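Here is a short note to read beside the model. Take the points in order and find each residue as you go.

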Amino acid sequence: GTLVDTESVTRAAKVEALAHDGHVLDDDDFHNIIGRAWPHTRAYLMDRVGYDEVGIERYRSLLVEAFLARRDEVRVFPDVVATLDGLAAAGVDVAVCTSSGRAHLDRVLAMPELAGRFAVQVCREDSDAHKPDPTPYLLAARRLEEDPTGLVAVEDTPAGVRSARGAGMRVVALERGLDLDVSAADVVVTATSVAAIAAAHRA
């Protein structure tokens, strides 16, 4: 959701998959699962709507099917492309650190605007601990061979902000119109930029 406009598409897919079993989630529910890895979402939905093991796996299959049917609607944010161009020109290595699975990440990073941009990739399968735990960001820093306290993360969810802050990083938070509380970040913007990242680095 930080790199590409997946959140609106993902939410529509979740609504469709849940509706198959007659379930509806409100805004608070979506805020509880946005930016979180599948193990958290799985446990939350089993508790919230009463899925059993068969039901939750059916939901997941329907979710993937519904998302893939909408994948042509996914667009890379223009500010992300400009920021990546600026960072590349400055010789800055960039990592992607996501709670999404490898298959989804590979689809996103295959998009022409993003291909070959990331020196390091950390996804759900790379760690047993997930955002808001700091482990994924600590792993990204280790793979970059950098001290995490000298790095800046760009995030768009409370779980992501907490994860990066817990790793000791500065954080730029993007408000993408999702009404999420990302105020714990060092810098909060509506569009990412090299200037915003530099401001967070100085914070």
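Is Asp147 buried, partly exposed or exposed? Asp147 is partly exposed, because its relative accessible area is 48%. The cut-offs are these: buried is under 20% relative accessible area, exposed is over 50%, and partly exposed is in between (1.4 Å probe, protein chains only).

Before the points, a word on the source. This is a predicted model, where local features need pLDDT of at least 70, side-chain atom pairs count only at pLDDT 80 or more, and totals for chains, interfaces and linings use all residues. Residues are numbered from 1 along each chain as its sequence is written, and side-chain values use heavy atoms, with hydrogens and water left out.

1. **A negative patch.** Start at the surface. Asp93, Glu145, Glu146 and Asp147 gather there in a patch of negative charge. Patch members have over 30% relative accessible area and no salt bridge; like charges are joined within 9 Å, and nonpolar side chains (Val, Leu, Ile, Met, Phe, Trp, Tyr) within 5 Å. Asp147 sits in the loop between helix H7 (135–144) and strand S3 (152–155). Helices (H or I, at least four residues) and strands (E, at least two) are DSSP runs, numbered from the N terminus.

2. Glu145 belongs to the loop between H7 and S3. Its phi is near 60°, a positive value in a residue other than glycine. Glu145 counts as exposed, because its relative accessibility is 72%.

3. **The buried side of H7.** Now look at the helix itself. Pro136, Tyr137, Leu139, Ala140, Ala141 and Leu144 are buried in H7. What covers the buried residues of H7 includes strand S1 (95–97), strand S2 (120–122), S3 and helix H8 (158–166).

4. Which residues does a cis peptide bond join? The two are Lys131 and Pro132, with omega about 15°. Pro132 is in the loop between S2 and H7.

5. A salt bridge is a side-chain nitrogen of Lys or Arg within 4 Å of a carboxyl oxygen of Asp or Glu. By this rule there are 13 salt bridges. In one of them, the side chains of Asp126 and Arg143 meet at 3.7 Å, N to O. Asp126 lies in the loop between S2 and H7 and Arg143 in helix H7, so the pair ties together parts that are 17 residues apart in sequence. Asp126 is partly exposed at 29% relative accessibility. Arg143 is partly exposed too, with a relative accessible area of 38%.

6. Arg11 forms a salt bridge with Asp27, and the closest N and O atoms are 2.6 Å apart. This pair links distant parts of the chain: Arg11 is in helix H1 (residues 7–19), Asp27 in helix H2 (residues 27–33), 16 residues apart. Another salt bridge joins Glu57 and Arg42 (3.5 Å, N to O). Here Glu57 is in helix H4 (residues 53–69) and Arg42 in helix H3 (residues 38–49), 15 residues apart.

7. **Val187.** Finish at strand S5 (residues 187–189), which holds Val187. Why does Val187 count as buried? Val187 counts as buried because its relative accessibility is 17%. Val187 touches Val171, Val172, Ala173, Ala196, Ala199 and Ala200, not counting residues up to four places away in sequence. Contact here means heavy atoms within 4.5 Å.

Methods:
Areas by Shrake-Rupley, 256 points an atom, 1.4 Å probe, with all protein chains shown as cover. Lys, Arg positive; Asp, Glu negative; His and termini not counted. Charge placed at Lys NZ, Arg CZ, Asp CG, Glu CD.
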